[in-house]
Structure formats: C-alpha cells, structure tokens
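Take a look at the fold below.

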Amino acid sequence: KRFTTLGLDAGSELREKQRLEGKIQIKAGVRSDGKYSDTQRLELNWGSRAAFYWSRSKSFSTGKEPFPGTVSLRYSPARASSLKMVFGHYSARYALGLNVWSGMRISSLSAVSSLFPSSSGLSETSSSQASLCGLALEWESRSLSLGVSLSPLSKDFNLHAEVLSPRSTLALSVTDKGSSLDWRVCLKTFSILGEASFLYPSLLGSSSQSYKGSGYGAFNAAVSLLWVPSYGKNFVLQARYIHPDSKLQSFKYSGVSAIFQSNIIQTGLECNYDPSQKRLLYEALAGLTLSDSGRELKLRGRLKSNSSKDLFRPHSSLRAEGSLSKGKAELRARLEGVLNKGFGGLGYIEGSWKDGKTALYLRLGAFCIDSWDDRIYVYERNAPPSFSVVAYYLRGWNSSLYAVYSISFHHKLYFRAETRQYPWSKVEKDSFWALNMQYRWIF
C-alpha cells in the first residue's frame, strides 16, 4: 500500500492556528530603606510566525531602564518559515561560547548543561539585561544554516554558516571579536561538541569585547564529550585551553571538568590553572538523593580552593535537605555548614500548602556566618520570571511568605513578603524587609 502524501493545504485541521495570544505581567515592590522596584512585561505570539516581547524594569539597586526598555520582534514570512528575522534586542548563542554567547550561563558543576550547552543561535529575547540590539537574520534548510546579525549601538556583528547532517554539524562564525570553528558529532549514546576560536582586537571597538588585548590575538579551544548510557544517567567530560589574555564570559581558565548525574548520585570534579597566581584551582562535588512515596533526602558535599595558596585548607561545605509531603501539604528543611576562614552555618524549615487555585509557602531560618568569604547562597521563591538568590552573612534570622492565587486560567496574582533580622551580629547591621506583588494576565 502506497503512502498518502498531504500538501500544505490538505485541510484546515492540519494547518497551524494563526491567532494572537499574549501575556502581560506587572510587578512592584518596596523595601525597608525606601527603595522600590517595578517591572512591566508584554508578550505577544501569532502562532510560529511572529513574536513580540517588551519589558521595562527597575530593580532595588539600579535605575529605570532607558526608554523604551527591551523590545524584541521576531517574524517569519508566510510560506517561508525557514527564514527568521529579529528586530530590536536579540540573543546570540553558538557552540560552547568561545566566540559568541550573550546572556547568562550556568556555572560549572551545577548541571550537565553547563559543560554541554544547547545553543539557540540567533533568537528573540525577553531579558531586561539584553546587550545586543539591531537586526538578526537566520535561514535554515535541511543541510545548511546561515545567520547574520548587527548591533549598531554596541558595534557587534556576527556572520555564521553551518553545514547540517543527521549526525553531525560543522559551523564557522566570524564576528568583530574573532573567528571560530565548531563541530558536533552524535552517535548512539555519545555526543561530541567542540569549538576553537581566535580572538583579535575588535575591528569596530565593541563595548562588549571578549578580548583584553595584547596586540597578538588569543587562541582558545574546548571539547566536551557527553555519554548517556541509559535514561536518567548523564556523564560529561570537558577539556579546554583558554589563552591568559582572553576575557571570556563562558570560561576563565584552562582546565578539565567532569560531571556525572543520575536520579540518585550527582558528582562533579574540576581542575583549573590560574596563570596570574601560578597555582591550581580545584573543586569537587558529591551528592546523594533518596526518595520514596512522598519522602526525600538530599546530601551534598563540596570542596574547593580557597583564596590562599594552601592546598590543605580548602573551602568545604556540607548540605542536607529533606522533604516530607502528604496530600496538599509539604514540609522542607535545609541545614548547611561551611568551613573556610571560619565556621558558618545556615538552616531553614519551610511549610507549603497547594490546591488547585492557591499555593502558600512559609519559610523560617537562621544563620551564623561571621566572614564574607564563608557566605552561603540560598534560592528564594519569587514570582516568575524573577530568579532570586540571596547571599547570607553575619548572624541573624530570616522569614518569608510566598503566595500564588489563580483567579482563573487567564488571571493570576503573586505575593511575597520577607524580612532579615540581625539581633546577634557582631557587626552592626540594619534589619531588612521587602514586599513584592505581581499580576499576570494571559489572553
């Protein structure tokens, strides 16, 4: 029996629905020192043909974004979806980031994707921190991909050509900062991603240069090997050479890194060489996760080099996390200790309750960390797309309340209240409190 082929106009049920969908977010906050924050975001989508992002924000520590804020428009002409055009702010990410990578990168050893990233090429962006603004064009067929972008204000430009095949790719990028060649090979359970770049003094004087400049250029290279033996198990190994005169966002030193992650075990090891101090920098991470019918226990230990050259006095930390859930309620706890210049400790307990419309999270914690070098970072719940990580230091206690209420599928409210008090601190420190509210409308 012959296969039946369908054309682009085979029926309305097979056509993509071209209708306008969008999202509006409004957020405002105030804290104890009188400073305030506010954010406005608008997102519009018309199927896969077009997307528009606008945002303007002011954080507690920075001023208002210059008018008109972040504006990004993506458009693909009808019957030519292989062509993508981005006007305004855009993102550019290729290979391992030795030549082209804008935006935030996950730190090493925190995830497999930090050593084996998934590059997005040229794309629209909703980030309020976008630095590239101008025009970006990308065209792709089954065997070839071409991209060009120009950011007049920052004087960044990029030309990219990539040859595609079912199991491999080969790409060349030329920018105002340098040139790079990257490749990817995919086998049954193995994938290899490599990149080599040569950075030179900017031809256009880019404000976001990746090169400090000795006048002779800088060569960099990195290769990552990803092995996925079975579902849920990942191992990645990366070796890299970074020229001492380079100033890359992705990597700072030459070295070797390895990460293994499964549902139960998480391990990581990294060794770098710092040419300015002529010493080795190392970091080791080991974690264990046990879970069973609503109960979970996580143990995590870390060793890394400290600020001195004494290899036998590492910066070490040990963390234990546990959770217990039943029905709509859940209880979480974390206890962490750090040994570096001194001893520091932190702990908190968090209770939550969730049903179909409401989610409540109440957290209470305490900390005792006398040295800034021993500070402990803690993720704090906040309204999306905000990502809050607090560095805890000195002696005191903290508490927070985070609530989400879904009025309907289209309307949702977020609320967060927090405070940090320092009654036992050896150094005088003012207490802190902050309130944040956000409204989201999907249409």
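Which residues does V236 touch, not counting residues up to four places away in sequence? V236 touches V112, L115, F116, L225, L226, S257, A258 and I259, where contact means heavy atoms within 4.5 Å.

This is a predicted model: local features need pLDDT of at least 70, side-chain atom pairs count only at pLDDT 80 or more, and totals for chains, interfaces and linings use all residues. Residues are numbered from 1 along each chain as its sequence is written, and side-chain values use heavy atoms, leaving out hydrogens and water.

V236 belongs to the largest nonpolar core, which has 15 residues. Such a core is a set of buried Ala, Val, Leu, Ile, Met, Phe, Trp, Tyr and Cys residues joined through side-chain atoms within 4.5 Å. Buried means under 20% relative accessible area, exposed over 50%, partly exposed in between (1.4 Å probe, protein chains only). L98, V236 and I259 touch the most other members. Strands β12 (190-199) and β13 (218-230) each supply at least two residues of this core. A second, separate core has eleven residues, including V338, Y348, I376 and Y392.

Now the whole chain. It has zero helices and 27 strands; these are DSSP runs numbered from the N terminus (helices H or I, at least four residues; strands E, at least two). Of its 443 residues, 40% are buried. Among contacts between residues at least 6 apart in sequence, 45% join residues at least 24 apart.

F87 sits in strand β5 (residues 83-93). F87 counts as partly exposed because its relative accessibility is 36%.
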